[in-house]
Amino acid sequence: MPAEGMLLRIEDVEFSYEAVHTLNGVRFEARPGEFLGLIGPNGSGKTTLLRCINGLLKPQKGAIYLEGSQVSKMKLSEIAKVCAGVPTDIPDDFNISVEEYVYLGRYPHVENIWWEEREDEEQVEHAIECFELDPLRRRKLFEVSSGEKERVLLAKAVVQEPKVLLVDEPSAHLDLKFKLEVMERLHELSRRGITVIVASHDINLLIKYCDRVIIMKNGGIVKCGSPEEVMTPELIRDVYEVEAVVVREDGELVAVPKRPLREGEKRCAPGKG
Amino acid sequence: MGQSEKMEGQTTKRTKKRLYLIMLLGSVSLFVLFILYLSTGQVKLGFVESMQALVGYLGKLFSGGELTTSEFIVGEIRLPRAIAVIGVGIALSVAGAIMQAMIRNPLVDPYITGTSSGAAVAATVVMVIGFGITSSLLDFAVPIAAFVGAMAAFFFTMSLAEASGGRALNYVLAGIVTGTALSSVTTLLLTSFPTEVQDPLFWMFGSFNQIDWTKALLIILPSLVMCLIALLYARELNVILLGHEQSYQLGIDSRRLRRWMMVLAAMLTAVAVAFVGIIGFLGLIVPHICRIMVGSDHRLLLPASMIIGANVLLVADIICKTATGGELPVGAVIALVGAPFFGYLLVRKGREYAG
């Protein structure tokens, strides 16, 4: 029986690309307003999992529920009203302005055939203000910097009024300041009641902000728990095959990688199918 | 009125204003060019004279009566031709705009995707080989063949592109493969049957020379209907620019929509090419010019492409008609005028425009 008040429920999801298992019996649940981190090495299934949640991929086994409805049975337009994605990058070859791009986020909610209504515009204006995009609104997407681009992406996702926000590698091209800024903003969104799921390679960043962290390897969940439970040298060693120490700095956990494991030192991680 | 103003925000109002402005300016210039078009040709008519002839012709359409010479020239020869030019201008420009959005590549147009070449091959085969078709039937057999050829070439390009990965680049490459192969077939046919060369060669560079009322209506009516369908999907076209994954997350199955929209674009191309031959470059430059003028929002871009496309092609055909020493193929004129203009825009707008 699913627990009460769960916004997102993932039940034994399996997905394979041409006989290769990329997701292998994944199950977890997420509450409204929860900030979830998804970590794991390349090819561990993080992105595939995000794609299954927003209906882009259909799991061969298991089911995903958004607000109690099974995603694979929902219309795309219904999913889009509940679940938004923040992509890693934006297309910049069509002369689209920042403002036009943010407006596209309203697509699922606009009922007219052609024009947005005042409510849509208010949402967009609010997001532009929140993410400090006013000076950039007339700029073309190819003219904005990486840090600004991330704010544009978030603004577009927010005007979609999602209950679940899926973020894939938000900090890939960002320097330290912008990485922290993006995570602060995502954290803020989760406190406003949006369930935020972030997939990232940056363990320390996720540990710092997330309520719960899920570690994936080979398409399965190795461990799911609070940052303290998940952040152990043993788990990092198992999952990433890296020798690491975990230290506490000003009350915050920080993983410091030391060296990759050599052949013979590696162990098989649990959860492997 | 009050209700809709209440519901509408500032940005929508601004966008609407820009749309109305561009449509107003475009229509005024279209009207001027239209009258100018009616007055140009072998028989020179003044601006006022041709307008009088037009009014006279339209009046006699309903009341009956003998047409004067100038009424006949304007009403029976130049008017259908002007309508055909406008129809083709609209059709090719919108087809180009749709293809560019759908393939997410500003470098494609009906010509690059091989669609026009497919029409040319099929039409040439019919014209050169004839299949024993009598000349009166040939007038209809050629457009029908062109239509079938356009659709076949288009589907071949699409299948090739999707089989090779379905990315933006694959569509361009597949189009070049299809277009080049089909153009060679056309060239081989033309060189193998030299006595028949004049007609197909002229046809391959586009000409409005043989337009009558039937053909004009067969061009303009389907073009307008299909453009109207495209206009209904303007917002979806905007979302599609973001790519498959992001469109999906906003609630659009872009692969499915793309298939339908591409069929629409191919049909628009086929309607145009079937009656007047290949007019390359128009479908490429008009959406680009409009994107520079009004941006990428298809709610502005599609109507702007329609009106600008009609304007540009009218100008080109006026040049063709007024050339000394016989009529010029309109496709060649478009390319000659369009290429430098497009180059100028690219350089001037350089940084501002990443198309």
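1. Chain A holds an open sheet of six strands, ordered 6-7-8-3-9-10, with mixed pairing. Strands are DSSP runs of E, at least two residues long, and helices are runs of H or I, at least four, both numbered from the N terminus. Two strands pair if DSSP finds at least two bridges between them. Strand 6 (83-86) and strand 10 (220-225) of chain A are the edges; each has a single partner strand, so one side of each lacks a neighbour in the sheet.

2. The model is predicted: local features need pLDDT of at least 70, side-chain atom pairs 80 or more, while totals for chains, interfaces and linings use all residues. Residues are numbered from 1 along each chain as its sequence is written, and chains are lettered from A in the order written.

3. Strand 3 (residues 35-39) and strand 9 (residues 212-217) of chain A run parallel over four bridges. Here Leu36(A) stands opposite Arg212(A) of strand 9.

4. The contact takes 32 residues from chain B and 28 residues from chain A. Contact means C-beta atoms, placed from the backbone, within 7 Å. Helix 2 (10-39), helix 10 (234-240) and helix 11 (244-249) of chain B each supply at least two residues of its side.

5. Chain B has 15 helices and zero strands. Of its 355 residues, 49% count as buried (20 or more other C-beta atoms within 10 Å of the residue's own, placed from the backbone). Among its contacts between residues at least 6 apart in sequence, 75% join residues at least 24 apart.

Note on methods
Contact = placed C-beta atoms within 7 Å. Buried ≥ 20, exposed ≤ 12 C-beta atoms within 10 Å, placed from the backbone.
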